[in-house]
Amino acid sequence: MMRAGDVLDFPPARAVVHRRTRRDPLPRFKPSIAGQMDALSGCPDAMLPKDHRARQAEAMVALLDVSAIEAKRSSLGRRGFEPRRMLAVWVYASWCGVHHSTKLGELLKTDLAYRYLSGGYRISAGILREFRRENFELFENAIQQTVELAAKANLIPLEELATDSVRLRAHAGMSQVRTLSRSTKRLEELAARPVEGMTAEEHQKHLEKVEKHTTAVARCEREGTTNHVLTNPSAALMKFPHGGSAPGHRVTVTAAGTELRLVVSLLIDSAGNDFGKLKPAVEQARAALTKAGVPADAALRIAADGGYTSEADLLFAITHPTAEILLATGPLRGHRNTNGAKFFTRDDFALADDGRMTCPAGTQMQGPSPDGPEQIRYNGVGCLQCPLREKCTDKKVRTLTLRPRLEEARKAMLAKMQVPEAAHNYRRRCCTVEPVFSGLQDQMGFRRVSTRVASAARAEIMLKVLAYNLSRLAKGDRLRRVFIVFAL
């Protein structure tokens, strides 16, 4: 029996959650309205010429399987833009030299070809940028699909492969670059500067400079690099063909065929040179070809220039069991020359089969003697009285440090390149991989990455290479006939 003042104790009420059920298991996208007539804009499908390049881009993208990205979309809510159409828009924009999402977003408002590819919709720059940033795996898989299509049509000659790299400008300025040598030198200069006569403001600036260069040196030593870029972690200071240095990305490409010139695989990093890149490039190309149906033990012939003549590259090239690797017989890489580039280099010294070394003056040097792990050293004789001293060294004795394994590897590669057939095959390299870089930089105008985010930068580079591959597959009547059959 309840009395006055008693409090009722009810169980807590449970919130009822209403969830929408997915009636359609497939994602929903906006239907194309490019064939409809608009009172102001007209009809993109009817107005665009039948042989327009935008239709070619649409046909090439139609050959690709994009179900992986489509499966991530939902059938709930408002209909989204179809990924295949956004990919076609980006591919056509890349062909036309449009690489910024803001410019592409403006073109989608007025340009007939872009409106046709987008299905008649005005896709915003933010959605285009998000699509490019988040679909690195889609672009990578699509490049592999282009390799598979070419392999099915027997358009990839295994004896015409070439590896080289191109440097692309990074989205960063020189003011954000910190180098180990520069910061070390500045710290020495700052330490020698007296601080007693400085004002409070000058002393504060002095401390800020010391802190800046101390942090730069510590980071370079911690990461084992010679430089870094503060605003772009995926970039590094590189020497460009025009002679200057700037932050950049290195893209190592393996291409196939002197006619097709298709990119088989690529590596993206911030290395300052090509040393050590030959093994991963060859292995990645082999994996891509194997996935495309080429037997894993099929013989390959791969050519590379003098940038891949480090010790690791040469040893890999002469010991690979299934690939004939041809390297340029340029200057010897990997030896230590502490006398500077203005003096005689390793190639000016003659090494006999019995291990004796002769200097440029014709005098036999002392040695060899051990000089660290897997290294030997030779010392000059009579250097003080030598008539070639000014061209050889500025010290009392000229020393030369060599690596025997590197010498043997270089000797084996020199012997391989002496064969006339090898020299003829190597000359095809410039017709295989060099036009790839010309297509990316000159024809498509892609010389600088437009983002600083590491994942987005890699995705943008992948997208441009995919656009290049699709342009190569669309070239020529023979290729068009082949891929029309595949499309049907």
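**Figure 1. The surroundings of Arg429.** The side chains of Arg429 and Glu434 are joined by a polar contact of 3.2 Å. A polar contact is a pair of N or O atoms within 3.5 Å; within protein, one must be able to donate a hydrogen and the other to accept it, and residues adjacent in sequence count only if both atoms are side-chain atoms. The model is predicted: local features need pLDDT of at least 70, side-chain atom pairs count only at pLDDT 80 or more, and totals for chains, interfaces and linings use all residues. Residues are numbered from 1 along each chain as its sequence is written, and side-chain values use heavy atoms, with hydrogens and water left out. Arg429 sits in the loop between α15 (420-426) and α16 (434-443); helices (H or I, at least four residues) and strands (E, at least two) are DSSP runs, numbered from the N terminus. Arg429 counts as buried because its relative accessibility is 12%. Buried means under 20% relative accessible area, exposed over 50%, and partly exposed in between (1.4 Å probe, protein chains only). Not counting residues up to four places away in sequence, Arg429 touches Ala162, Asp164, Ala303, Ala304, Asp305 and Glu434, where contact means heavy atoms within 4.5 Å.

**Figure 2. The whole protein.** The secondary structure comes to 18 helices and 13 strands. Of the 488 residues in the protein, 45% are buried. Among contacts with a separation of 6 or more, 68% are between residues 24 or more positions apart. The protein exposes about 26,100 Å², and carbon and sulfur atoms supply 53% of this area. Accessible areas come from the Shrake-Rupley method with a 1.4 Å probe; for residues, only the protein chains shown count as cover.

**Figure 3. The nonpolar cores.** The largest nonpolar core has 105 residues, and Leu87 and Leu266 have the most contacts inside it. Helix α17 (residues 454-473) gives the largest share of this core, eleven residues. A nonpolar core is a set of buried Ala, Val, Leu, Ile, Met, Phe, Trp, Tyr and Cys residues joined through side-chain atoms within 4.5 Å. Leaving aside neighbours within four places in sequence, Leu87 is in contact with Val61, Leu64, Val66, Phe131, Phe139, Leu463 and Leu466. Another core, of nine residues, lies apart from the largest one and includes Phe344, Cys359, Leu400 and Leu402. In soluble globular proteins, nonpolar side chains tend to be buried together.

**Figure 4. Helix α7 and its cover.** In helix α7 (residues 125-133), the buried residues are Ala125, Leu128, Phe131 and Arg132. Seen down the axis of α7, these residues fall within an arc of 125°, so they line one face of the helix. The arc is that of the directions from the helix axis to the C-beta atoms. The buried residues of α7 are covered by elements including α4 (83-95), α5 (101-110), α8 (136-152) and α17.

Figure 5. β4 pairs with strand β5 (residues 245-256) in the antiparallel sense over four bridges; two strands pair if DSSP finds at least two bridges between them. Met238 stands opposite Ala246 in β5. Five residues separate β4 and β5 in their hairpin, and Gly243 in the turn has a positive phi of about 105°. β5 and β6 run antiparallel and are joined by seven bridges, with Ala255 opposite Val263 in β6. These two strands also form a hairpin with five residues between them, where Gly257 in the turn has a positive phi of about 85°. In strand β6 (residues 262-269), seven of the eight residues are buried.

**Figure 6. Arg250 in strand β5.** Arg250 is found in strand β5 and is buried, with a relative accessible area of 3%. Its side chain makes a polar contact of 2.7 Å with the side chain of Ser165. Beyond neighbours within four places in sequence, Arg250 is in contact with residues including Val166, Arg167, Met238, Leu267, Ile268 and Asp269.

Figure 7. Pro404 lies in helix α14 and is partly exposed, with a relative accessible area of 35%. Leaving aside neighbours within four places in sequence, Pro404 is in contact with Glu374, Gln375 and Ile376. Pro404 and Ile376 are 28 residues apart in sequence and 7.5 Å apart in space, C-alpha to C-alpha. Leu414 also lies in helix α14 (residues 404-417), and counts as partly exposed at 27% relative accessibility. Leu414 and Leu326 are 88 residues apart in sequence and 9.7 Å apart in space, C-alpha to C-alpha.
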